[in-house]
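Here's a quick briefing to read with the model open. Take a look at the fold first, then come back for the details.

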Amino acid sequence: MAVPQPRVGVVMYPGSNDDHDALWALAALDADAIPVWHEQPELPALDAVVLPGGFSYGDYLRCGAIARFSPATAAVREFAQSGGLVLGICNGFQILCEAGLLPGVLLQNDSLQFICRDVRLTVERDDLPFTARCTQGQELVIPVKHGDGRWFAPPQLLAELETNRQIVLRYAEPCNGSVDDVAGVCNEHGNVMGLMPHPEHAVDPLLGSADGSLILASLVEAARERAVALA
Amino acid sequence: MKATVLVRPKSGILDPQGQAVESALEHLGFTVSGARVGKVIDLEVDATDAAAARVQVEQMCERLLANPLIESYEIEVG
């Protein structure tokens, strides 16, 4: 029997600008990458969803604050709550935090500058659907490009997240003022993850690094396992 | 009914914008401290009286206008 190609949706909000990069990277990693328009109140049959980077709804008020209420986000919430795999990249991470699907919030960088460069990351967890191809402690080089990437959680919440092992990635050196250099977190069940760096911009050595493919290929592989289980 | 919402970064939240404003004011020769930058949102609310308007605006703040993790808000009606 042929191994099914996992179906991975990428939500396109007005102002998303890494949606096509995400679609391209997922397809290059052998997923059936499917665009999902923000007005769609229901998701098509999917094995995973990616919320891409960009500036959804102009990022007015707060980053991700308005995208949180779009019909597609409501569908993604339902998908996540039923155990579906959801990855938020950059603006997608901000949306998931605003939607309450991930803990914390992303604030303006402490430098007030837009940061656009490769950063070194440390993998804190390799037992998630998003990091299975990494090893704990491994260093990844993946670019960031954001003005509002300073992840924040109050001390009590941060302590809970540490206890639950919900910190997935950290910057190897301070980047944007994030509390404890957090670059990526997951929800309690480990089926929703968000990160500020852009793995979809690092899937080919020609782009300077292919380390992002470790994260996206982990997701595609986990989605494939779900597709097989459902077939 | 006119309403105004003041949204402020909570105390303890690093506000680099406030720091930049403070530093600019110091460059102009002012001696200031504790500058914080928030937001003002003016609204025209469809409500019969101030109390009803306030209830609505409170819901707006809870659901959208402020993020309780990092921001506090004040509502003025009328």
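Leaving aside neighbours within four places in sequence, which residues is Leu26(A) in contact with? They are Val8(A), Ala31(A), Ala33(A), Leu216(A) and Val220(A). Keep in mind that this is a predicted model.

**Cores**
- Leu26(A) and Leu219(A) have the most contacts inside the largest nonpolar core, a set of 79 residues.
- Helix 5 of chain A, residues 212-230, gives the most to this core, putting in 9 residues.
- There's also a second, separate core of 8 residues, with Val5(B), Ala53(B), Tyr73(B) and Val77(B) among them.
- As background, nonpolar side chains tend to be buried together in soluble globular proteins.

**The sheet in chain B**
- Chain B has an open sheet of 3 strands, paired antiparallel in the order 2-1-3.
- Strand 2 (39-44) and strand 3 (71-77) of chain B are at the edges with a single partner strand each, so one side of each has no neighbour in the sheet.
- From one strand to the next, the twist averages 20°.
- Strand 1 of chain B (residues 2-9) pairs with strand 3 of chain B over 7 bridges, in the antiparallel sense.
- One place to look is Thr4(B), whose bridge partner in strand 3 of chain B is Glu76(B).
- Helix 2 of chain B (residues 50-65) packs on the sheet and touches strand 1, strand 2 and strand 3 of chain B. The direction of helix 2 makes about 160° with that of strand 3 of chain B.

**Where the chains meet**
- Chain A brings 10 residues to the contact and chain B brings 8 residues.
- On the side of chain A that touches chain B, 6 residues are nonpolar, 2 polar and 2 charged.

Notes
Residues are numbered from 1 along each chain as its sequence is written. Chains are lettered from A and ligands numbered from 1 in the order in which they are written. This is a predicted model: local features need pLDDT of at least 70, side-chain atom pairs count only at pLDDT 80 or more; totals for chains, interfaces and linings use all residues. Two residues are in contact if their C-beta atoms, placed from the backbone, lie within 7 Å. Ala, Val, Leu, Ile, Met, Phe, Trp, Tyr, Cys and Pro count as nonpolar, Asp, Glu, Lys and Arg as charged, and the others, Gly among them, as polar. Two strands pair if DSSP finds at least two bridges between them. Helices (H or I, at least four residues) and strands (E, at least two) are DSSP runs, numbered from the N terminus. Axes are lines fitted to C-alpha atoms, for helices over the stretch in contact, and angles run from 0 to 180 degrees between N-to-C directions. A nonpolar core is a set of buried Ala, Val, Leu, Ile, Met, Phe, Trp, Tyr and Cys residues joined through C-beta atoms within 7 Å. A residue is buried if 20 or more other C-beta atoms lie within 10 Å of its own, exposed if 12 or fewer, and partly exposed in between; C-beta atoms are placed from the backbone.
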